[in-house]
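Let's take a friendly walk through this structure.

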Amino acid sequence: MSSNYLDIIRPGINTTFQDKGRDHLYHIGIPFSGAMDNRNYLIANKLVNNNLDSAVIEFAYQGPHIKYSGEKINCAITGDVIFSIKKKDNEIEGNCYQSYQIENGDEINIISTNKSVYGYLALGGELDLKFQWNSCSINTKANIGSNDGKKLDVGQRINLKKINSNKDIKKINYNNTKIENIRVMRGTNFDYFSEQGKQIFYEKEFIVSKLSDRMGMRLEGPKIENIVNTNIKSEGLIKGVIQVPADGNPIIMLSDHGTVGGYPKIGVVASVDYDRLVQMVPGSKIKFKEINLSDAETLFKLYEMETQNLLSQI
Amino acid sequence: MIKNISNLGDAALYCDFGNEVNKSINSQVIKYFKTIKEKKFEGINNLTPSYNKLIISYDLKKTNFKEVKSYVENINAEDPIDINSKKLEIPVCCHENFSMDIKRLEEILKLSREKILENFLNKEYFCYMTGFIAGMPFLGDLDENMRAQRLETPRVKVPKGSVALTEQFANIYTFESPGGWNILGNTPLDVFDSSKEDKPNLINPGDTVIFKEITLDQYKNYNE
């Protein structure tokens with residue numbers, strides 16, 4: 001029996017354990033998974049003095065309401081999140097990007113994300129989770145990972161294996177910037193689409209549909225016309241690939257995507273924009289902007305330097 | 001051989017081996033896949049072989065398109081590699097409880113149930129790739145007169161173990177999932193087992209599969 005644990009009073013809509021994800025498994029059909037918004041995942045761990053690849057609790061829209069029992073521990077929430085911390089004699093509104101010390105009986109109530117999809121709760125210690133292929137990330141479609149591959153449920157108890165001795169309180173000033181222009185490179189089937197279709201893809205606005213999850217983001221808007229074939233022989237996918245099926249509405253592959261697919265690929269989202277893409281809520285407007293490979297590589301390098309710089313300030 | 005290498009976004013290589021689907025092209029893909037996998041190039045995250053393409057994704061923090069491309073171009077995949085292929089018999093029950101699309105197949109193929117099963121069973125199929133969902137094998141080729149398009153509207157839930165057909169291919173749904181293939185039967189075998197981390201897939205690219213019919217009673221008693 002562990003003496004430090006969390007009880008789930010309310011699980012939230014789609015709450016899972018996530019870490020850095022798993023690789024070298026696409027050939028058997030297992031996707032990368034891992035935290036959707038990698039930067040916010042890393043910052044959450046750093047704020048509570050964890051190793052950067054530690055497991056965190058990822059939530060979407062409504063988050064969990066948790067009661068903590070045990071020794072004093074730090075916790076931090078990243079993203080754009082509304083939450084409160086209930087102590088014995090008072091309840092405080094929480095701020096993202098700073099750590100709080102919680103003690104036996106305290107409750108964390110994550111009410112919702114604000115104009116964004118994902119948020120992260122890190123606890124200063126090590127959650128007692130099952131690892132599959134070196135990752136605890138939950139893939140609810142294939143039931144892979146910790147918690148039998150299922151999202152968190154009401155009444156569940158989660159044990160902590162250990163608690164960090166470093167309980168320094170950390171804080172950073174950070175704002176999640178929003179973008180409307182998503183930068184993309186041409187996909188391998190770009191020429192399957194009519195001139196008008198290509199123009200629509202780069203010039204018109206698309207709306208993020210409600211039918212979006214960790215597997216994929218569906219878009220609605222003007223139809224993109226295919227003049228070659230609406231099916232290709234199934235082939236490998238990566239996250240960020242934009243497929244256009246027969247109905248002309250683009251689908252962007254996200255972290256839990258199927259590893260192969262048979263729809264033509266019109267574009268691929270630049271890695272630099274992935275963290276911000278996944279945070280776009282249903283109803284948001286998206287416009288695609290074409291960039292070339294070398295610009296995409298440079299922009300990602302800068303983004304990565306910025307992430308490292310943020311982490312070094314914590 | 002690889003006909004062309006291009007980029008799939010900024011974090012993957014798209015290796016094109018041609019447009020045809022046949023064993024000889026697919027064997028080339030598998031040879032490259034196994035060679036690169038053995039060599040463990042720093043930065044390569046994933047390799048996805050399919051009928052005639054190989055996607056190589058990499059960590060953009062560690063390497064880039066130019067480096068991985070030049071690495072792949074200089075690989076000698078002519079080296080004899082033990083592809084370690086197996087021949088497997090898969091029991092399948094085609095009782096009406098399972099063969100949800102038999103009526104549809106009878107209509108499209110203009111063949112009787114008996115003829116469809118006779119054409120499908122006891123033949124060798126080659127595993128071109130696994131994926132879409134974990135462990136799902138893409139097997140081919142079906143006889144010319146056995147080729148049907150996928151359902152116009154995919155099912156929201158295809159039962160685990162379903163053996164299904166589309167075009168020249170057969171597959172097995174390794175767990176319950178959405179899907180649009182024509183369902184002919186069901187296997188009691190666990191084709192994907194995530195508790196076996198080193199070998200979760202029963203069927204791997206390059207393997208040969210033969211479907212053997214079992215009765216409903218045999219199906220029910222199979223795992224006892």
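## The sheet in chain A

In this predicted model, chain A holds an open sheet of five strands, arranged in the order 2-3-10-5-8 and paired antiparallel. Strand 2 (16-18) and strand 8 (99-102) of chain A sit at the edges, each pairing on one side only. If you look along the sheet, neighbouring strands are turned against each other by 30° on average, with direction ignored.

Let's pick out one pair of strands. Strand 3 (residues 56-60) and strand 10 (residues 118-123) of chain A run antiparallel and are joined by four bridges.

## Two domains in chain A

Where the two meet, 20 residues of domain 1 of chain A are in contact with 16 residues of domain 2 of chain A.

Helix 1 of chain A turns up again here: with five residues, it gives the largest share of the side of domain 1 that touches domain 2 of chain A. By residue type, that side of domain 1 of chain A divides into eight nonpolar, seven polar and five charged residues.

## Two domains in chain B

Chain B is also divided, with domain 1 covering 4-73 and domain 2 covering 87-221. Between the centres of domain 1 and domain 2 of chain B, taken over C-alpha atoms, lie 28 Å. How many residues make the contact? Seven residues of domain 1 of chain B are in contact with six residues of domain 2 of chain B.

On the side of domain 1 of chain B that touches domain 2 of chain B, helix 1 (23-39) and strand 3 (44-49) of chain B each supply at least two residues. The largest share, three residues, comes from helix 1 of chain B. The residues on this side of domain 1 of chain B divide into three nonpolar, three polar and one charged.

Definitions and conventions:
Residues numbered from 1 in each chain as written. Chains lettered and ligands numbered in written order. Predicted model: local features only at pLDDT ≥ 70, side-chain atom pairs only at ≥ 80, totals over all residues. Pairing = 2+ DSSP bridges. Axes fitted to C-alpha atoms, helices over the stretch in contact; angles between N-to-C directions. Domains from an automatic or database assignment. Nonpolar A, V, L, I, M, F, W, Y, C, P; charged D, E, K, R; others polar.
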